[in-house]
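Morning, everyone. Please have the sequence and the model open while I talk.

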Amino acid sequence: MRTSKLTYLFGALGLLLSAATASAQTTPDSIKYNNLDIFGPIVWPTTSGGTRSAAGKPGEHYWQNRPDYVIHASINEGKQDTTISGEVAITYTNNSPDQLEYLWLQLDQNLFRPDSRGVLTTPITGSRFDVRGIRDGGDRIASVTVTYKEQTYTVVPVITDARMQVKLKTPLGAKGDKIVVKVKYSFPIPDYGSDRMGRKLYKQGYVYEIAQWYPRMCVYDDVEGWNTLPYMGLGEFYCDYGNFDYYITAPSSMTVVGSGDLVNAQEVLTATQQARLAEARKSDKTVMVIKPEEVGLPATHLSKPSLTWHFKMTNSRDASWAASNAFIWDAARINFPSGRKGISQSAYPAESAGVNAYGRSTEYLKYSIEIYSKQYFEYPWNSAVNVAGVALGMEYPGIIFCQSTLKTGRLWGDVTHEIGHNWFPMIVGTNERKYMWMDEGFNTFINQYSTEMFNKGEYFDRTARPGSRTFRFAEPLMIAPESMGLNDYGQYYDKTAAGLDMLRNVVLGPERFDYAFNEYIKHWSFKHPLPYDFFRAMNDAAGEDLNWFFQAYFFTTWKIDQGIQGVRYVRNNDPATGAIITLYNKEKMAMPVELKITQVGGKTEILHLPVNIWQRGSTWSFKYPSTAAIESIVIDPDNQIADVNRANNTWRAPAAK
């Protein structure tokens, strides 16, 4: 392994001066650090056509396509299976500069076909995102029709795993041309939908959490054209923005909640329920809409064989819903920074009720949204709902699914995390299927602050620090989820969040970081940033070249290990002449150094050394103006850096040992 000449120099110097030093530690033989690796030239990829700027913002010619959906669907309970059947009409606007000879759609339910890629690549041991094919699982496509320039024709689609290609008779024109695709379809609801959706039986009926429930457009973007990576379970979604106008027909005994606004409450709710919802819209306290004792009673629902619930969700990348005979339903007002009002809701079975469980779900949801809206970007929709069911935790615009058995702090953590995803990636629309760290990690990062702010830190761990986290280093964060080990994907969450913490608390400081981070959110809301756009945006707004950090932290598995080599006094072992402190960087990654220096007599000082001390080599010596003997030195005293070996972070004079 490469060791710099400077390392040998200071190692020899330490031996020669051992009699004159308080305590000199030799530099480790296993130095891996090479300054040229981390501070070498780094140039991020660029796109053509002026779609993205060098400042990390959408460029002058940025574009993205738009699908608008009208969906009519029914939930059909059977003795063995419950199915969803429906028709989706997609008005697709091609804003790209390219003609399109074919369209690609996602058929996510095909994940549950026995021969899907997700099933065939699921390990025998299973996982949280376990994919098991179900009998007759997957989308059943009854018909596909296309309407373009007032001509309608039927298409025989090409279905490959979880994708469907629709070949056009006439290419769809560029720069604003529109086409309508209609698909009739159905599928059986899986019991455990890879922890994204599914159904679970409770004593008063099934709770159905319905997602990935309609054929939807793949994204055609300025980076790769059609994005057609298949849905395989762990990797999530990449969707364009559009309006959702959807209708759910269900047995009248069911309550349905969904993304967006319920626009026909008078047709599906009793007068009492409508009045309670109106009360909830004015109340910061949770109001019961359907009380526990009312669940299952005939008077709780309108006396019709079925009801059609009509929802609208504007400028969203997805929509989801849930239905059950077992739902207790409550709600409260959301107060947005602009003065606008919204509504927070929860729907859950009796098994999840109680003040230590879902009885506080609406409170958790309300305050999470208010906190994120104030800190980052105002929540753009009017409503949000949390559903207790089979999914451990899953997010969609305006609706989240949380495991029904969660209580107290675990429920808070799940709620604030899943609704936090409405900022990443529902508002800032990253490609989750390729860059999982950009949604899970960013969201985990902001969850720390919502937890600190909620109810005076009721569930906040004030001792938690980035330096206390344990990371696995098998794969870099930039790889796609299907290449990440099933025991390692948690690094998308924790390692990313710790990296942002270090940038905020150690490298830039809160003021510079927060400004740059919010600028990134502002410019990329409802758009599709790449990792390189984030890197450029942070560099530009913070006024700092952070490429040394981004390249090492996200593209490699490099580690951080900073240590103290030794201390000597400048002349005659006299502390009053000043001290020479020598540090070393053992592992391949670099970071700034914060030192807590304590002198005999109790004088303590904190020094901040920039990352630039490592630009020329693996060791660094500097003069410290000591006035008394140095008693101890501690690197990173507040435990802010994810240093893999903290044993060498502390130096003590012999008398103090």
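First, the ground rules. This is a predicted model, in which local features need pLDDT of at least 70 and side-chain atom pairs count only at pLDDT 80 or more, while totals for chains, interfaces and linings use all residues. Residues are numbered from 1 along each chain as its sequence is written, and side-chain values use heavy atoms, with hydrogens and water left out.

Aromatic pairs, then. There are 61 of them in the structure. Rings of Phe, Tyr and Trp (its six-membered ring) pair if their centres lie within 6.5 Å; planes under 30 degrees apart count as stacked, over 60 as edge-to-face, and the rest as tilted. Take Phe-129 and Tyr-489: the ring centres are 5.5 Å apart and the planes stand at 65°, so this pair is edge-to-face. The two residues are 360 apart, and the pair links distant parts of the chain. Phe-129 is in the loop between α3 (117–120) and β5 (140–148), and Tyr-489 is in the loop between α8 (437–453) and α9 (490–508). Helices here are DSSP runs of H or I, at least four residues, and strands are runs of E, at least two, numbered from the N terminus.

The cut-offs are under 20% relative accessible area for buried, over 50% for exposed, and partly exposed in between, with a 1.4 Å probe and protein chains only.

Next, charges over rings. The term applies if NZ of Lys or CZ of Arg is within 6 Å of the ring centre and within 35 degrees of the ring normal. Arg-216 has its charged end over the ring of Phe-237, 4.8 Å from the centre. Lys-588 does this with Trp-558, at 5.0 Å.

Now the sheet. Four strands form an open sheet in the order β30-β29-β32-β33, paired antiparallel. Strands pair if DSSP finds at least two bridges between them. β30 (604–609) and β33 (650–652) are the edge strands with a single partner each, so one side of each has no neighbour in the sheet. Between β29 (residues 593–599) and β30 there are six bridges, and Ile-597 stands opposite Glu-605 in β30.

Strand β29 also holds Gln-599, which is buried at a relative accessible area of 1%. What does the side chain of Gln-599 reach? The backbone nitrogen of Thr-627, at 3.0 Å, and the backbone nitrogen of Ala-628, at 2.8 Å.

Arg-317 is in the loop between β20 (306–316) and β21 (321–324). Arg-317 is buried, at 3% relative accessibility. The side chain of Arg-317 reaches the backbone oxygen of Pro-425 at 3.1 Å. A polar contact of 2.5 Å joins the side chains of Arg-317 and Glu-432. That term means a pair of N or O atoms within 3.5 Å; within protein, one must be able to donate a hydrogen and the other to accept it, and residues adjacent in sequence count only if both atoms are side-chain atoms.

Last, Ile-343, in strand β23 (residues 341–348). Ile-343 is buried, at 1% relative accessibility.
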